Amino acid sequence: MNFSQWFWKYGYLLIPLVLALGWFISSEKFQNLGDVNPAIFDFFAVVDQQCENETFDTRSANCLEIEKFKANCQRISSDCDSRSYYDLLVKLGYQAPAYLLSSE
């Protein structure tokens, strides 16, 4: 089998797979994995504890949003990670530590 026959038989499948794999590996999820600030996980625990301490009928709007986010994360099709949770808390107005450690 010469190159032309091989390409027409397998090239249309192999080339998109290689490109998709390259895009997936270079995506943001695989960058700076070692640089995540460990203090954010303590911050997450504090926020979760604050929401747990609220009674059911007097839940704050922020805790209701957090509850909706966590319920959505239970779905198989969701894409939840520490970064998306961090972004939600920042959007809700919490004073969070930096997500990444400085590279200095």
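**Entry 1. Overall layout**

I read the elements of the protein from the N terminus on as α-α-α-α. I counted 4 helices and 0 strands, where helices (H or I, at least four residues) and strands (E, at least two) are DSSP runs numbered from the N terminus. I note that this is a predicted model, in which local features need pLDDT of at least 70, side-chain atom pairs count only at pLDDT 80 or more, and totals for chains, interfaces and linings use all residues. Residues are numbered from 1 along each chain as its sequence is written, and side-chain values use heavy atoms, with hydrogens and water left out.

I looked up burial for the 104 residues of the protein and found that 18% count as buried; buried means under 20% relative accessible area, exposed over 50%, and partly exposed in between (1.4 Å probe, protein chains only). I then turned to contacts, meaning heavy atoms within 4.5 Å. Of the contacts in the protein with a separation of 6 or more, 56% are accounted for by residues 24 or more positions apart.

**Entry 2. Helix α2 against helix α4**

I examined helix α2 (residues 39-53) and helix α4 (residues 82-91), whose axes come within 11 Å and cross at roughly 55°. That angle makes α2 oblique to α4. Axes are lines fitted to C-alpha atoms, for helices over the stretch in contact, and angles run from 0 to 180 degrees between N-to-C directions. Angles under 35 degrees count as roughly parallel, over 145 as roughly antiparallel, 65 to 115 as roughly perpendicular and the rest as oblique.

I recorded the crossing of α2 past α4 as left-handed; a crossing is left-handed if the near helix is turned anticlockwise from the far one by less than a right angle, and right-handed if clockwise. On the α2 side the contact is made by Ile40, Phe41, Phe43, Phe44, Val47 and Asp48, and on the α4 side by Ser82, Tyr85, Tyr86 and Leu89. I sorted the residues of this contact into 8 nonpolar, 1 polar and 1 charged. Here Ala, Val, Leu, Ile, Met, Phe, Trp, Tyr, Cys and Pro count as nonpolar, Asp, Glu, Lys and Arg as charged, and the others, Gly among them, as polar.

I located phenylalanine 44 in helix α2. Phenylalanine 44 counts as buried because its relative accessibility is 8%. Beyond its neighbours within four places in sequence, phenylalanine 44 is in contact with Ser82, Tyr85, Tyr86 and Leu89. Serine 82 is 38 residues away from phenylalanine 44 along the chain, and their C-alpha atoms are separated by 9.1 Å.

I located tyrosine 86 in helix α4. With a relative accessible area of 10%, tyrosine 86 is buried. Not counting residues up to four places away in sequence, tyrosine 86 touches Ile40, Phe44, Ala96, Pro97, Ala98 and Tyr99. I found 9.5 Å between the C-alpha atoms of tyrosine 86 and alanine 98, which are 12 residues apart along the chain.

**Entry 3. Helix α3 against helix α4**

I next took α3 and α4, whose axes come within 11 Å and cross at roughly 160°. These two helices, α3 and α4, are therefore roughly antiparallel to each other. I recorded a right-handed crossing of α3 past α4. Glu65, Ile66, Phe69 and Lys70 of α3 make the contact with Ser84, Tyr85, Leu88 and Leu89 of α4. I sorted the residues of this contact into 5 nonpolar, 1 polar and 2 charged.

**Entry 4. The largest nonpolar core**

A nonpolar core is a set of buried Ala, Val, Leu, Ile, Met, Phe, Trp, Tyr and Cys residues joined through side-chain atoms within 4.5 Å. I found 16 residues in the largest one, of which Phe44, Val47, Ile66, Tyr85, Leu89 and Tyr94 touch the most other members. At least two residues of this core come from each of α2, α3 (61-73) and α4. The largest share, 5 residues, is supplied by α2.

I listed the partners of isoleucine 66 without residues up to four places away in sequence: Val47, Cys51, Tyr85, Leu88, Leu89, Leu92 and Tyr94.

I placed tyrosine 94 in the segment after α4. Tyrosine 94 counts as buried, at 17% relative accessibility. Its contacts, leaving aside neighbours within four places in sequence, are Phe43, Val47, Gln50, Asn62, Ile66 and Leu89.
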